[in-house]
Amino acid sequence: MNWKDPQSMTVPKLNRPLVVAVGAFDENSGGAIVLHKLVDSLRRAGVSAYAYPPLKPYPNSMPAWKRRLKGLHRHITKVAKSAKHFSHPSMDVPLAPLSVLKQDPIVVYPEVIAGNPLGASSVVRWILFTPGAHTGQGVEIDRGAEEIFYFQKAFIEGHDWIPPENELRLQWIRSDIYYDQQQENRSGSCRMQRKGALLNINTSDAYRTATPLDGLPHQEIAAIFNKSERFYCDDPHTMYSTYAVLCGCIAVVTPVPGLSEADWRPEQERWGIAYGDKPDQIEIALRTKHLMKETLDALQGVEEQQVEHFIATLAKRFE
């Protein structure tokens, strides 16, 4: 992403530091990837943004001096020691020092973290997946005290009170790994489940006989994509469908009961991807897969606008 000079941005400037509650970078975790990407994007936009693990808070019954002492010990022995291998080398994601945590930073939590473990006075909740889907239990969101953003509209169904303009969708594209190697004689198919295990999905016979990819390293998945004709995926929101298309493989997403094609993704974001394996869907995917790169370039421009809106919203509410 090509960022503007922060001095030329028209959005208000955040004067307070911001901390994103996230652990070490994990290239196999979509949540960890976009949370680290948020820190990197904010820093590129001139925000004093940091990451910090969402550690379990000490009980209020513990004396304040003891909580501070134990917190310092935990920071030195566990958090600070992880700094060297905490982030991906392509991103600027520093761990928040104790001095930042003492400045009353704005804290961003994903929906999987309950409550406010860092004890922030200003909280942002970023909904990266349907709340409660991971645990089977509802997640309490404080509508009054927290500013809510969401990754995709499908994740906030039934939450009409969340401002529709608060969409924040970031991507980290591994174009160094996922690209079409122009291999001849493609054959067979591969499959992936990921968050599809949390959904009530009926898989096809073709899916069940395909080569499983879950848990494989990126390089191996890319090699299989480049040899395969089709990629069947039970997770309608994973980046792996996009990666398959970039490798020249037709991606077939298993339809989710109650989720229409239009509600799943906007038309331009599903180019090269079939929603189900009916002939008309496969034909559309074949006809449009060359447009995927155009889609990703357009989404980068939208991403920059959404980050600017994120900054402006927080500046207006918390400054």
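Which residues does Asp 104 touch, not counting residues up to four places away in sequence? Keep that in mind as you open this predicted model, and let's walk through it.

**Stop 1: Asp 104**

Select Asp 104, which sits in the loop between helix H3 (98-101) and strand E3 (106-110). Leaving aside residues up to four places away in sequence, Asp 104 touches Arg 16 and Ser 121. Show the side chains of Asp 104 and Ser 121, and you will find a polar contact of 2.6 Å between them. Is Asp 104 buried, partly exposed or exposed? With a relative accessible area of 36%, Asp 104 is partly exposed, because that value lies between the 20% and 50% cut-offs.

**Stop 2: Glu 146**

Next, select Glu 146 in strand E5 (residues 146-150). This residue is buried, because its relative accessible area of 9% is under 20%. Who surrounds Glu 146? Setting aside residues up to four places away in sequence, Glu 146 touches Val 123, Arg 125, Ile 141 and Arg 317. Look at Arg 125 in particular: its side chain and that of Glu 146 are joined by a polar contact of 2.7 Å.

**Stop 3: helix H5**

Move on to helix H5 (residues 218-227) and colour its buried residues: His 218, Ile 221, Ala 222, Ile 224, Phe 225 and Asn 226. An α-helix has 3.6 residues a turn, so residues three or four places apart point the same way. To see what covers the buried residues of H5, show strand E6 (189-192), strand E8 (230-233) and helix H6 (240-246), which are among the covering elements.

**Stop 4: a cavity**

How many cavities of 30 Å³ or more does the structure hold? There is one. The largest cavity contains about 40 Å³ of space. To find the spot, select its lining: Arg 169, Gln 171, Thr 242, Arg 265, Glu 269, Met 292, Thr 295, Leu 296 and Leu 299. Helix H9 (residues 292-318) supplies the largest share of that lining, four residues. By class, the lining has three nonpolar, three polar and three charged residues.

**Last stop: confidence**

Finally, colour the model by pLDDT. The protein averages 84, and 82% of the residues score at least 70. Then select residues 1-8, where the pLDDT is below 50; this stretch has 15 contacts in the model beyond near neighbours in sequence.

How values were computed:
Residues numbered from 1 in each chain as written. Predicted model: local features only at pLDDT ≥ 70, side-chain atom pairs only at ≥ 80, totals over all residues. Heavy atoms only, no water. Helix = DSSP H or I, 4+ residues; strand = E, 2+ residues; numbered from the N terminus. Buried < 20%, exposed > 50% of the residue type's maximum accessible area, 1.4 Å probe, protein only. Polar contact = N/O pair within 3.5 Å; in protein donor to acceptor, adjacent residues only side chain to side chain. Contact = heavy atoms within 4.5 Å. 1 Å grid on protein atoms, 1.4 Å probe; cavity = no way out; pocket = protein on both sides within 12 Å on 5 of 7 lines; lining within 4 Å. Points joined across faces, edges and corners; volume = space filled by probe spheres on them. Nonpolar A, V, L, I, M, F, W, Y, C, P; charged D, E, K, R; others polar. pLDDT = per-residue confidence, 0-100.
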